[in-house]
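Colleague: I would like to learn how to read backbone and disulfide features in a model. Please walk me through some.

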Amino acid sequence: DVIRLKPKDYRTECFPYEYVALGNEPFWSLEIIPHEKRIVFKDIGARKVYEFPYSAAASLQGGVTYGLRSADRRNTMEISLREQVCSDGMSDRRYHHAATVVLNGKTFTGCAIKKGERID
């Protein structure tokens, strides 16, 4: 029996993400999901979703980076996740990673959660 159905997010225990990132003004989200072999960027304001094949991160002092190209080769995305205290500006939550995403030349900034981390 299905008791309750809700969208997956970083609090969903069975969601096998590596990182989830989010930002506002404009609103966006990012899911890095190695188990599903994909990285998904949602430009919520523009109502667009971009999917990229998963590629392992490159280590960077104090964080990681990803360089991606979509399967159809139309879109590129660079992701930088740095270990630093971050606030989303809309709530009292404090994250342990700052995120910068450059999608087709447009920059999005926000915060990120690594699987297993707690938000303060």
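**Reading the backbone and the disulfide**

Modeller: Start with Asn104, which sits in the loop between strand E8 (94-103) and strand E9 (106-114). Strands (E, at least two residues) are DSSP runs, numbered from the N terminus. This is a predicted model: local features need pLDDT of at least 70, side-chain atom pairs count only at pLDDT 80 or more, and totals for chains, interfaces and linings use all residues. Residues are numbered from 1 along each chain as its sequence is written, and side-chain values use heavy atoms, leaving out hydrogens and water.

Colleague: What is the phi of Asn104?

Modeller: Most residues other than glycine have a negative phi. Asn104 is not a glycine, yet its phi is positive, about 50 degrees. Asn104 is partly exposed, at 39% relative accessibility. Buried means under 20% relative accessible area, exposed over 50%, partly exposed in between (1.4 Å probe, protein chains only).

Colleague: Which peptide bond is cis?

Modeller: Most peptide bonds are trans. The bond from Glu25 to Pro26 is cis, with omega near 5 degrees. Pro26 lies in the loop between strand E1 (19-23) and strand E2 (28-33). Glu25 is found in the loop between E1 and E2. Glu25 also has a positive phi, about 55 degrees. Glu25 is exposed, at 68% relative accessible area.

Colleague: Which residues does a disulfide join?

Modeller: A disulfide is a covalent bond between the sulfur atoms of two cysteines. The cut-off here is a sulfur pair within 2.5 Å. The structure holds one. It joins Cys86 to Cys111, S to S 2.0 Å. The pair links distant parts of the chain, 25 residues apart: Cys86 in strand E7 (residues 76-87), Cys111 in strand E9.

Colleague: Are Cys86 and Cys111 buried or exposed?

Modeller: Cys86 is buried at 10% relative accessibility, and Cys111 is buried at 1%.

Technical notes
Helix = DSSP H or I, 4+ residues; strand = E, 2+ residues; numbered from the N terminus.
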